[in-house]
Amino acid sequence: MNVVLASSSIDGGIGCWDLQTGAEQLRYKTCASPPHGLASIGCRFLACSQLRDPSAASGHVLYWSWSKPQAQVKSFPAEPIKPLAGNSEGSYIVGGGSSGDIYFWEVATGRLLKKWHAHYRAVTCLVFSDDDSLLISGSEDGCVRVWSLFMIFDDVRKQQASHLYEYSFTEHTLRVTDIVMGYGGGNAIIVSASEDRTCKVWSLSRGRLLRNVVFPSIIDAIAIDPGEHVFYAGGRDGKIYIAALNVESTPSNNYGLHIIGSLTDQSKPVTCLAYSAERNLLLSGSEDGMIRVWDVKTKNILRMFRHSKGPVNNILVVRLPYLLSRAEPKVQASSRRNEFSLHPPLEKYANSSDEDMDNRAIITLPDTIDLPSYLSSQLINDHIKQLQQQGSSAAAEMEVKRLKLDGQRSMEMFQQLKKSL
């Protein structure tokens, strides 16, 4: 079942509808979310940051299981958290703070594994890459930064590096409002939107700007077509603009360079967008409290959902692993309750003893090796076995992923050398 989830900045709860039938499934209570503050954690439960007063010095994060309307876990981070994101497996949650700090928690234990200062002003957007190796952040300072989690969890490399980020894109002149990322891991593209009325397309592999698109209105939300031919940009003028990604386009009579069309229903400002790849549908949320489901081929609205209260500022399309039905077997419901009870609240501060344990789990490569990318597969496997024997801490998991990536790169280089000989 594919469901549509929507939340608001006003305490109207989280609406949940069946995308195919339009039937409302459940309404999750007590939720007033900031933009990008709603996340599905590994399709296992919902998490949402709460910021009822933007000027408040504190906030909290709530968890909901799929079958219960009441929030079951409440966390109190060290500062107000705005955007939230989970990795694909739902094992980690990251949050962006009002101070510009990024927090990295382990879901199973609630431990705060890492915290680092990422931006000069509040973090507004957080996105994982499709392979979970990179984290992209946007901020009120207009900056978009790319973070390698291998670097973040490698204390030795951190001490040697002049900065933690892989790239820092500073071409936006005002607050970053949204970020989306394509497929391909380190070879993917990033599209960022800003209050400066531009969307910028970045290359991760090259670390540079590929395309700058200027819009007639401020853009608060973007979504990429799964084929990465176009992207959609929701404007404060109520229109959803269609911009070309990979093809050259000439200025049209109505819009500027690269903008090839629009979707419009004369609604209030578009606040959020989501794409359902399975049915090729675009979903938009608006300040009028409506969620519209668009057929992108015909540019027609297929269905509309009404949020109970306030402007919609978050939309998710989630494929649930089970049906939301009161007729489910009690055994399954009990199993889900037991599984959900394993997720404790997020820690407010990092535990120093736990951090020391993580540091001990990191194995650095010998200084005698001049070219780490040419390590033999046997040596890499030996390192992986050592890490697995020491436990399943987050640092060890990250190191395992890094070593596997090194092994893949070494094999690719070896194949290239064979071809050149």
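## About the model

This is a predicted model, in which local features need pLDDT of at least 70 and side-chain atom pairs count only at pLDDT 80 or more, while totals for chains, interfaces and linings use all residues. Residues are numbered from 1 along each chain as its sequence is written, and side-chain values use heavy atoms, with hydrogens and water left out.

## A four-stranded sheet

Strands here are DSSP runs of E with at least two residues, and helices are runs of H or I with at least four, both numbered from the N terminus. Two strands pair if DSSP finds at least two bridges between them. An open sheet of four strands runs in the order β8-β9-β10-β11, with antiparallel pairing. Because β8 and β11 (112–117) stand at the edges with a single partner strand each, one side of each is left without a neighbour in the sheet. From one strand to the next, the twist averages 20 degrees, with axes fitted to C-alpha atoms and angles running from 0 to 180 degrees between N-to-C directions.

Strand β10 (residues 101–106) pairs with β11 in the antiparallel sense over five bridges.

## Aromatic pairs

Rings of Phe, Tyr and Trp (its six-membered ring) pair if their centres lie within 6.5 Å; planes under 30 degrees apart are stacked, over 60 edge-to-face, and the rest tilted. By this rule there are 12 aromatic pairs. One of them joins F104 and F153 edge-to-face, at 5.1 Å centre to centre and 75 degrees between the planes. F104 lies in strand β10 and F153 in the loop between α1 (149–152) and α2 (155–160), so the pair ties together parts 49 residues apart in sequence. F104 is buried at 0% relative accessible area, and F153 is buried at 3% (buried is under 20%, exposed over 50%, partly exposed in between, with a 1.4 Å probe and protein chains only). Ring pairs also link Y92, F104 and F153 into a cluster.

## The largest pocket

A pocket is an open set of points on a 1 Å grid over the protein atoms alone, where a 1.4 Å probe fits, with protein on both sides within 12 Å along at least five of seven lines; lining residues have an atom within 4 Å of a point. The largest pocket holds about 1600 Å³ of space, a volume filled by probe spheres set on the points, which are joined across faces, edges and corners. Its lining has 50 residues, with V127, F128, Y275, L316 and V317 nearest the centre. Strand β28 gives the largest share of that lining, seven residues.
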